[in-house]
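Here is a friendly walk through one protein chain, written to be read with the sequence and the model side by side. Please keep the viewer open as you go.

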Amino acid sequence: MVKLVENLLLTNSLDSNIELFKEILKSHEDINYRIIENIYDKKIRICLISVVGMIDKELIYKSIIKPIILTNIQGIDYSKRYFQRKIVRHLRKKEKSSCKDFC
């Protein structure tokens, strides 16, 4: 039986939100939490939450982690939309996989 969690709200605090997810997912040992910080602006931090073994680590690094870490965004609109566009552009450059790659 699944116990429903009530009155859980995300906040503007990354650390508080990570703790919230850890509390919700505490019975799952295969959850990975990775905090990433921009090298030019330490206020820009994200947390990638993933299931161990279900992600392509190289693709995640090249498409998400590296742009967030290495993009010098000083003087640039670094809104969520900026990073989304940057990540989507990178993903579109990748070749599409066919079913035979997975079957």
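This is a predicted model: local features need pLDDT of at least 70, side-chain atom pairs count only at pLDDT 80 or more; totals for chains, interfaces and linings use all residues.

Helix α2 has a buried set of residues: Ser63, Ile64, Ile65, Pro67 and Ile68.

Helix α2 covers residues 57–70 and is not straight throughout: a kink of about 30° lies at Ile64, shortly before the proline Pro67.

The backbone oxygen of Pro67 lies 2.5 Å from a polar atom in the side chain of Thr71. Thr71 itself is in the loop between α2 and α3, the latter spanning 80–93. Is Thr71 buried or exposed? Its relative accessible area is 9%, and because buried means under 20%, Thr71 counts as buried. Along the chain, Thr71 and Asp41 are 30 residues apart, while their C-alpha atoms are separated by 9.5 Å.

Now to two residues elsewhere in the chain. Asn32 is found in strand β1, residues 31–37. With a relative accessible area of 34%, Asn32 is partly exposed. Leaving aside residues up to four places away in sequence, Asn32 touches Leu48, Ile49, Ser50 and Val52. Gly53 is 21 residues from Asn32 in sequence, and the C-alpha atoms of the two are 9.7 Å apart.

Thr11 sits in the segment before α1, the helix at 14–24. Thr11 is partly exposed too, with a relative accessible area of 41%. A polar atom of the Thr11 side chain lies 3.0 Å from the backbone nitrogen of Ser13. Beyond residues up to four places away in sequence, Thr11 touches Ser16 and Asn17.

The three residues discussed for accessibility are set out here.

| Residue | Relative accessible area | Class |
|---|---|---|
| Thr71 | 9% | buried |
| Asn32 | 34% | partly exposed |
| Thr11 | 41% | partly exposed |

What sits over the ring of Tyr33? It is the charged end of Lys22, 5.3 Å from the ring centre. Aromatic pairs, on the other hand, number zero in this structure.

Finally, the chain as a whole. There are three helices and two strands, and reading along the sequence gives the pattern α-β-β-α-α. Of the 103 residues in the protein chain, 19% are buried. The accessible surface comes to about 8,800 Å², with 54% of it belonging to carbon and sulfur atoms. Among contacts between residues at least 6 apart in sequence, 36% join residues at least 24 apart.

Key
Residues are numbered from 1 along each chain as its sequence is written. Side-chain values use heavy atoms; hydrogens and water are left out. Rings of Phe, Tyr and Trp (its six-membered ring) pair if their centres lie within 6.5 Å; planes under 30 degrees apart count as stacked, over 60 as edge-to-face and the rest as tilted. A charge sits over a ring if NZ of Lys or CZ of Arg is within 6 Å of the ring centre and within 35 degrees of the ring normal. Helices (H or I, at least four residues) and strands (E, at least two) are DSSP runs, numbered from the N terminus. Buried means under 20% relative accessible area, exposed over 50%, partly exposed in between (1.4 Å probe, protein chains only). Contact means heavy atoms within 4.5 Å. Accessible areas come from the Shrake-Rupley method with a 1.4 Å probe; for residues, only the protein chains shown count as cover. The bend at a residue is the angle between axes fitted to the seven residues ending there and the seven starting there. A polar contact is a pair of N or O atoms within 3.5 Å; within protein, one must be able to donate a hydrogen and the other to accept it, and residues adjacent in sequence count only if both atoms are side-chain atoms.
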